[in-house]
Amino acid sequence: MSDYLADVQKFAPKADAAVVDSIVKYCGIALRNKDSSLVSASDKAELDRVRDGFAKKKLELDAAAAEAGIAKVCDTMKGVNQKSRVTFYYLLAEATGTLGKLA
């Protein structure tokens with residue numbers, strides 16, 4: 001858990017540990033596999049899954065808001081080759097003003 005929080009804090013120094021924990025629980029066993037624990041920002045299908053999965057189901061965002069948030073997170077994490085799914089999701093919620101839905 002602390003590893004996830006530390007990674008999120010690289011981008012959001014005042015990250016809420018309870019929200020990070022909520023995201024870790026949401027992701028569940030996906031975090032056990034190296035490949036599924038990462039988000040590939042260069043893969044449109046992967047970003048579509050983030051939009052149609054986490055953004056729509058958990059954050060209750062419409063497609064346009066989700067895509068705008070995803071683009072912002074991709075820009076924020078530009079240069080990071082291995083984007084942690086937990087960090088990506090946290091930054092997406094922060095960028096779209098929906099952190100409260102995860103607490």
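This is a predicted model: local features need pLDDT of at least 70, side-chain atom pairs count only at pLDDT 80 or more; totals for chains, interfaces and linings use all residues.
**Entry on the loop**

I began with E60, which I found in the loop between α3 (44–58) and α4 (63–76). I looked up its backbone angle and noted that phi of E60 is near 60 degrees, a positive value in a residue that is not glycine. I reminded myself that most residues other than glycine have a negative phi.

L61 has 13% relative accessibility, so L61 counts as buried, the cut-off for buried being under 20%.

Which residues does L61 touch, if those up to four places away in sequence are not counted? I listed A55, K56, A66, T96 and T98. I also looked up the separation of L61 from Y4, 57 residues apart along the chain, and their C-alpha atoms are 24 Å from each other.

**Entry on the core**

I looked up the largest nonpolar core, which has 30 residues, and noted that I23, F88, Y90 and L92 have the most contacts inside it. At least two residues of this core come from each of α1 (2–9), α2 (17–27), α3, α4 and α5 (85–95), and α5 gives the most, with seven residues.

Finally I followed Y90, and, leaving out residues up to four places away in sequence, I found that Y90 touches V8, A12, K14, A15, D16, V19, V20, I23 and L99.

Notes: Residues are numbered from 1 along each chain as its sequence is written. Side-chain values use heavy atoms; hydrogens and water are left out. Helices (H or I, at least four residues) and strands (E, at least two) are DSSP runs, numbered from the N terminus. Buried means under 20% relative accessible area, exposed over 50%, partly exposed in between (1.4 Å probe, protein chains only). Contact means heavy atoms within 4.5 Å. A nonpolar core is a set of buried Ala, Val, Leu, Ile, Met, Phe, Trp, Tyr and Cys residues joined through side-chain atoms within 4.5 Å.
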